[in-house]
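User: Hey, I'm new to this one. Can you walk me through it?

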Amino acid sequence: MSAAATALPPLSIRGDWGVLSTAAARYAPSLLKSFIQIGPQGALGATKLLRPFSEIIDSLELKNPFIRNWVDLLCFLLAGVKSNGTLTAEMVYMFAEWYKPGCLLEYPLHGSGAVVDALVRGMQKFGGRLALGTHVENILVENGRAIGVKLRSGQIVRAKKAVVSNASMWDTLNLLPADAIPKSYQTKVKETPQCESFMHLHLGFDSQDILEGLGIHHIVVNDWSRGVDADQNVVLISVPSVLGKDLAPPGKHVLHAYTPGTEPFGLWEGLDRRSAEYRGLKAERSEVMWRAVERALGPGFSRENCDVKLVGTPLTHQRFLRRNRGTYGPAIKAGEATFPGHSTPIPQLFCCGDSTFPGIGVPAVAASGAIVANSLVSVSQHSELLDAVGI
């Protein structure tokens, strides 16, 4: 199944009939070779790639509770739903990568910000411009077509080719004139279920009393029986300064802990961010992260001695990341529904991000952006790009 899932590079996919050239024809030999290698039984298994991953686990008759819970956790962290809602193709692809001989989990030099810096350099190298602190007020539609965006400052930026939104489907809908969107499309977006939101804890502290050999990543599950999607149950912790010594001052560590898409927005809805009630709820709901950090870092860690203490809430997500209700993304389950494509009912308006195929999580979101980018160039240009990167 992994041979089938990895035979077609995501960068070869585009959102029009040109995909028959850039993907189907170009990779037909490797696809055929993969199906020959896996045989009839494997080919039959490959048809299950678009079904929930839990069906594969069930077919293997895996009953060990820890393994079932562990797989649910991996699925939930990658896709926002447990194994009964995660696409088999995504998990098969990831397992194929994780368990290659000699495989290591890589972390970027100079931290995850270095990945952003590299993307910016690439964009600017080819004539792109980046505008920070530039809030988009709405998407402009004229004669039924998307023609640009209006900024909060009143400035209008016109699109030469297309407008691409990576805001969530709900936030993109709010950026558009209501009379420009078919009612059926509006209804479909509004009725799409949402994952819950996040709590975040960002810390800066002395490293001298911390355990020797501290790892960079930690996962704390308080009670497996509650399920990995239960609120206040799972906390993820990253201490990137363990590997990236330039990410914190000498003798210091930086840490990020969060609850992964399990914080109910309803607890926060309508609160004034400057109120005592909001501050009290932040203290209460962040306690589970503090306890997880203390458990992972050992007795040498002291929350009182932290130089930096920052708590983020679903309202933080909603405000700074333009996320409707602070959501992690659409709660679309494999076998019940599919993530929408990248075109919209409005010509020249495209969408990418976790509200589109292939779904939630960094790998899927990166693929969605590549698909839209590929769709905006000609088939010949797309093929040249594939040649340039050696795919």
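User: Let's start with salt bridges. Which residue does Glu137 form a salt bridge with?

Analyst: Keep in mind that this is a predicted model. Glu137 pairs with Arg152, and their closest N and O atoms are 3.6 Å apart.

User: Where do those two sit in the chain?

Analyst: Glu137 is in strand 1 (residues 136-142). Arg152 is in the loop between strand 2 (145-151) and strand 3 (156-158), so the pair links parts of the chain 15 residues apart.

User: And is Arg152 buried or exposed?

Analyst: Exposed, because its relative accessible area is 56%, and the cut-off for that is over 50%. Glu137 has 38% relative accessibility, so it counts as partly exposed.

User: How many salt bridges does the structure hold?

Analyst: There are 19 of them. One joins Lys252 to Asp206, with 2.4 Å between the closest N and O atoms. Lys252 lies in strand 8 (residues 252-263) and Asp206 in strand 5 (residues 197-206), so this pair ties together parts 46 residues apart in sequence.

User: What about Glu263, which side chain does it meet in a salt bridge?

Analyst: That would be Arg285, at 2.9 Å from N to O. Glu263 is in strand 8 and Arg285 in helix 10 (residues 276-297), 22 residues apart. Both Glu263 and Arg285 are buried.

User: Which residues are linked with them in a network of salt bridges?

Analyst: Arg226 and Asp231 belong to that network along with Glu263 and Arg285.

User: Switching topic: which residues form the nonpolar patch on the surface?

Analyst: Leu60, Leu62, Phe66, Ile67, Trp70, Tyr99 and Ile219, and together they have about 680 Å² of accessible area. Helix 5 (residues 65-79) gives the most to the patch, with three residues.

User: Where is Leu60 found?

Analyst: In the loop between helix 4 (53-59) and helix 5. Leu60 counts as exposed because its relative accessible area is 55%.

Technical notes: Residues are numbered from 1 along each chain as its sequence is written. This is a predicted model: local features need pLDDT of at least 70, side-chain atom pairs count only at pLDDT 80 or more; totals for chains, interfaces and linings use all residues. Side-chain values use heavy atoms; hydrogens and water are left out. Patches are made of residues with over 30% relative accessible area and no salt bridge: like charges are joined within 9 Å, nonpolar side chains (Val, Leu, Ile, Met, Phe, Trp, Tyr) within 5 Å. Accessible areas come from the Shrake-Rupley method with a 1.4 Å probe; for residues, only the protein chains shown count as cover. A salt bridge is a side-chain nitrogen of Lys or Arg within 4 Å of a carboxyl oxygen of Asp or Glu. Helices (H or I, at least four residues) and strands (E, at least two) are DSSP runs, numbered from the N terminus. Buried means under 20% relative accessible area, exposed over 50%, partly exposed in between (1.4 Å probe, protein chains only).
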